[in-house]
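Thanks for coming. I will go through one structure today, starting with terms and then moving through the chains.

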Amino acid sequence: MAAARASRPMRLHHTDEGAAGTGAGTPTLVFLHGGLRSGADWAPQARAFRRRHRVLRVDLRGHGRSPMPPSGYGRGELASDVAALLRGLRLTNAVLIAHSMGCGVALDVAAAEPRRVRALALVDGVGPRGHRLTRRELDAHPWVQQVAGPDYEQRVIALASGGNSFTARSDPRLVERIPRESARTPQHVAVASQRGSVLGSHPAAAWTRLRQPILCVASSNSRSSAAAVRELLPRAEFAQVVDSGHWVQLEAAAQLNAMLRAFLRGVAA
Amino acid sequence: MPIFETREGVRLHYTDAGSGRPALLFVHGWSSNLRHWEPQARHFGRRHRVLRVDLRGHGRSPAPDLPVRGYAIARHAEDLAALLRRLRLRSVVAVGHSSGAWVSLALAGRFPELVRAVVAVDSGFDPAVPAAELEAHPILRRFRRGAFAEQLARAYRGMFRDFSDPALRDRVVAEAAATAPIASERTVRANLRTNRVALARRVRQPVLCVYASNSPRSAEELRGVIPHAQFAQVVGAGHFLQLEVPEQLNPMIERFVELLPARRRRA
């Protein structure tokens, strides 16, 4: 679908660590970050899972240490890069674990490579279904406008600090660090990435047909729900953590890791 | 294991271990007992004072032959308040499972100085069942169908999922079936007669509600009952999530307790 018509895939920077000698049945965990972020966001999960699993943390194009083309940041293009990585590594047993904008990418990868993706865990990235937008509406969307125009750095910091990013009780170090790091993303990537986030609420028809187990984990700020998630993904399981803003993998790592372990047990059964 | 006797002569079996504030008070649900909080007692006992109580007529607390109103949510809550006062404990975090969550919320609403916050584990909030409809309620109809212990065991088995650990399920079911029928039946009748929405609405303290993975309850529904409550849901567990997935529930409770707003100073 969207992934198939994308331009030539790019080779993505990724870390590859953990149990090389695990049994054939043990899935490889492939972590996908959200917009303006990188694979480094998944450090607590890499530490927790690399003893039992092969763990890949991918930098999507334009992010982290991956190539940064002038354009081509649609969800389909990001997904085609990841699909190419799975093919290149000959993975047939991947569990995609994605955050925020990465969730739509993961769903597209699963639809394009159903035999390589065994399950998906989607963290704070599946909300209520959006309605279809024209190109002009998309450019005018507040999420895109927030990072367009002058004063870019200030705008990104406001974006990554505001809304549902953090709770009143979030760790102040994280509240300071995440927006500052996010502001290092080049503006053209940020604009494209925000467009992708908006489009992430436009489900591909193929998503509803996915057969893999899917877990959707919401932050405590999220207005998502089991019902909202199932509108897009009829078979998905819904879970929600306690006292965590958007970066659940960093703020509520203990809770999320325990949820992922329970989910992986179910996938293996 | 200590026994506490209330002024009415009701004897409550409880455990009291560990130190550190806030103290956590664990309250089991209908036909359950304090052993169903073992993973939490182990985990939180390292940093907190942990109390677990067998509600009147449950576990090792004897079952007084009282009318249904003697097993009301409010009576169970008064028992806990009396115990906390005897132990000179205030500002505990009450963690209740199922109908034990209603007891915890009743305690918090009626004795606000004793309870700093409430965690409700897989508990829904429903209005009172009208007296005319009570006998037709599925739970009470079930108990007219056959031997009490057998029907209770059946009801309990349904609280687990097909992927639940069968050994754990069988242990919990057997313990539930051993509950004194007086206490079990009168508590369930008293629960159904109580408006549990009204009881929850009185609570002003922070509330966290954690649900099983297949629960039909939603954050939206919860906001209609306790607008300030936080909704959470675990992965891969039935009703007894404190035993099925303590590795998920414990960090949830831990985070909630750690981030409780500082207590207001009293003049």
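I begin with contacts: two residues are in contact if their C-beta atoms, placed from the backbone, lie within 7 Å. Helices (H or I, at least four residues) and strands (E, at least two) are DSSP runs, numbered from the N terminus.

Next, the provenance. This is a predicted model, in which local features need pLDDT of at least 70 and side-chain atom pairs count only at pLDDT 80 or more, while totals for chains, interfaces and linings use all residues. Residues are numbered from 1 along each chain as its sequence is written, and chains are lettered from A and ligands numbered from 1 in the order in which they are written.

Chain A, then. Chain A has 11 helices and 7 strands. Its C-alpha trace spans about 50 × 45 × 35 Å along the principal axes. For the radius of gyration, taken over C-alpha atoms, the globule rule is 2.2 Å times the number of residues to the power 0.38. A compact globule of 269 residues would come out near 18 Å, and chain A has 17 Å, which agrees. Of the 269 residues in chain A, 54% are buried. A residue is buried if 20 or more other C-beta atoms lie within 10 Å of its own, exposed if 12 or fewer, and partly exposed in between, with C-beta atoms placed from the backbone. If we take contacts in chain A between residues at least 6 apart in sequence, 76% join residues at least 24 apart.

Now helix packing in chain A. Axes are lines fitted to C-alpha atoms, for helices over the stretch in contact, and angles run from 0 to 180 degrees between N-to-C directions. Helix 2 (residues 75-88) of chain A and helix 3 (residues 101-112) of chain A cross at roughly 60 degrees, and their axes come within 8 Å. That makes helix 2 of chain A oblique to helix 3 of chain A. On the cut-offs, angles under 35 degrees count as roughly parallel, over 145 as roughly antiparallel, 65 to 115 as roughly perpendicular and the rest as oblique. The crossing of helix 2 and helix 3 of chain A is right-handed. A crossing is left-handed if the near helix is turned anticlockwise from the far one by less than a right angle, and right-handed if clockwise.

Which residues in helix 2 of chain A meet helix 3 of chain A? They are Arg75(A), Gly76(A), Leu78(A), Ala79(A), Val82(A) and Ala83(A), and on the helix 3 side Gly104(A), Val105(A), Asp108(A), Val109(A) and Ala112(A).

A second pair in chain A is helix 6 (residues 152-161) and helix 7 (residues 172-182), which pack at an angle of about 135 degrees with their axes 8 Å apart. These two helices of chain A are therefore oblique to each other, and their crossing is right-handed. From helix 6 of chain A come Val156(A), Ile157(A), Ala160(A) and Ser161(A), which meet Val175(A), Ile178(A), Pro179(A), Arg180(A) and Ser182(A) in helix 7 of chain A. This contact has 6 nonpolar, 2 polar and 1 charged residues.

Arg223(A) sits in the loop between strand 6 (214-218) and helix 9 (226-232) of chain A. Is Arg223(A) buried or exposed? Arg223(A) counts as exposed because it has 11 C-beta neighbours inside 10 Å. Its C-alpha atom is separated by 7.7 Å from that of Gly127(A), 96 residues apart along the chain.

On to the interface. In chain A, 23 residues are in contact with 21 residues of chain B. Helix 9, strand 7 (237-240) and helix 11 (253-268) of chain A each give two or more residues to the side that touches chain B. Helix 11 of chain A supplies the largest share of that side, 8 residues. By class, the side of chain A that touches chain B has 14 nonpolar, 5 polar and 4 charged residues.

Last, chain B. Chain B has 12 helices and 8 strands, and buried residues make up 50% of its 267 residues. In chain B, helix 9 (residues 196-201) holds Ala200(B), which counts as buried with 24 C-beta neighbours inside 10 Å. Leaving aside neighbours within four places in sequence, Ala200(B) is in contact with Leu105(B), Phe125(B), Val225(B) and Ile226(B).

Terms used. Nonpolar A, V, L, I, M, F, W, Y, C, P; charged D, E, K, R; others polar.
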